[in-house]
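Q: I would like to learn how to read the features of a model such as this one, step by step. Could we go through it together, beginning with the overall layout?

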Amino acid sequence: MSAGIRLPQTRLDDLAAQLRTGSGVGVETLRADLTVAADVAQVAQRLSSDPAISLLVNNAGIAMIGPLIGSEPQRLEKMISLNVVAVTQLAVAAATAFAARGRGTLINIASVLALAPERYNGAYSGTKAYVLNLTQALEQELSPRGVRVQVVLPGATRTELWARAGIDISYLPPGMVMEVDEMVDAALAGLDLCETVTIPSLPDMLEWDVLNTMRLDLVPLLSLKYAAARYAEDATFSA
Ligand SMILES: NC(=O)c1ccc[n+]([C@@H]2O[C@H](COP(=O)([O-])OP(=O)(O)OC[C@H]3O[C@@H](n4cnc5c(N)ncnc54)[C@H](OP(=O)(O)O)[C@@H]3O)[C@@H](O)[C@H]2O)c1
């Protein structure tokens with residue numbers, strides 16, 4: 001999450017300096033355009049080879065807000081490359097390294113739009129549904145190996161994402177826009193609560209649990225030898 005318009009390296013360096021002086025932690029920056037395969041590979045290599053890295057926040061992403069009809073193909077490709085391809089490569093690199101070391105934490109940033117494909121742009125929400133799916137699959141593989149996995153589904157949050165997607169966030173009803181600090185604090189609290197899925201604004205996580213349990217109950221019925229009775233030839237004729 002970020003603010004102001006400066007060159008990416010300057011912004012990284014400024015933030016690193018702020019963290020060093022503000023909290024005394026050691027900070028190293030690594031610049032990468034995660035829509036470029038060589039840059040993704042460089043970051044993945046670092047994740048694989050540096051045992052000091054014990055946590056990855058897979059946060060980088062861009063959005064498209066308008067309808068799918070008329071969406072610019074290059075922007076779609078860039079978004080999918082960043083939100084899906086890079087996220088996957090980095091998640092898998094971290095998962096592989098953390099599993100081998102028997103410890104580590106992977107946090108993937110999705111969106112509530114993973115659960116609401118009818119809202120905004122279906123390709124953007126699709127990338128975020130992918131991140132949710134990827135994380136749920138990774139959780140199953142990683143939790144027996146001692147690695148923590150969390151996917152965060154923020155609702156509308158006041159960041160540069162909206163302006164970068166060509167939308168003035170002030171047009172959204174103020175009651176549905178969260179401030180960044182509130183969102184990040186809630187996400188970290190969700191991590192402390194050992195949640196795999198964190199939805200910062202959802203009042204009761206039981207609602208999510210019910211939805212997820214219903215989904216899991218469907219699984220044994222989704223691949224069977226015979227088609228359902230409603231698709232039988234005579235059923236089609238009588239319809
Ligand atoms: N804001 C919301 O309402 C909202 C809601 C749900 C989910 N999310 C998700 O939250 C995550 C963070 O977004 P944000 O809201 O904080 O937006 P943001 O302020 O625009 O930040 C996006 C981040 O992604 C980085 N990034 C963009 N393109 C990149 C590229 N090609 N290579 C490497 N890094 C790149 C940006 O780095 P630079 O600043 O250096 O470009 C920045 O750090 C995203 O995954 C987004 O989908 C946001």
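Q: How many Å separate the centres of domain 1 and domain 2?
A: In this predicted model, the centres of domain 1 and domain 2, taken over C-alpha atoms, are separated by 25 Å. The division assigns residues 1–31 to domain 1 and residues 32–238 to domain 2.

Q: In which order do the 4 strands form the sheet?
A: As a general idea, strands of a sheet pair through backbone hydrogen bonds, either parallel or antiparallel. Here the 4 strands form an open sheet in the order 1-2-3-4, and the pairing is parallel. Strand 1 (55–58) and strand 4 (197–198) each have a single partner strand and stand at the edges, so one side of each is left without a neighbour in the sheet.

Q: Which strand does strand 1 pair with, and over how many bridges?
A: Strand 1 pairs with strand 2 (residues 105–109) in the parallel sense over 4 bridges, and N58 stands opposite N108 in strand 2.

Q: Which residues make the nonpolar surface patch?
A: The patch, of about 620 Å², is made by L216, L218, V219, L221, L222 and L224. Of these, L216 lies in helix 7 (residues 205–218), and L216 is partly exposed because its relative accessible area is 47%, between the limits of 20% and 50%.

Conventions. Residues are numbered from 1 along each chain as its sequence is written. This is a predicted model: local features need pLDDT of at least 70, side-chain atom pairs count only at pLDDT 80 or more; totals for chains, interfaces and linings use all residues. Side-chain values use heavy atoms; hydrogens and water are left out. Patches are made of residues with over 30% relative accessible area and no salt bridge: like charges are joined within 9 Å, nonpolar side chains (Val, Leu, Ile, Met, Phe, Trp, Tyr) within 5 Å. Accessible areas come from the Shrake-Rupley method with a 1.4 Å probe; for residues, only the protein chains shown count as cover. A salt bridge is a side-chain nitrogen of Lys or Arg within 4 Å of a carboxyl oxygen of Asp or Glu. Helices (H or I, at least four residues) and strands (E, at least two) are DSSP runs, numbered from the N terminus. Buried means under 20% relative accessible area, exposed over 50%, partly exposed in between (1.4 Å probe, protein chains only). Domain bounds come from an automatic or database domain assignment. Two strands pair if DSSP finds at least two bridges between them.
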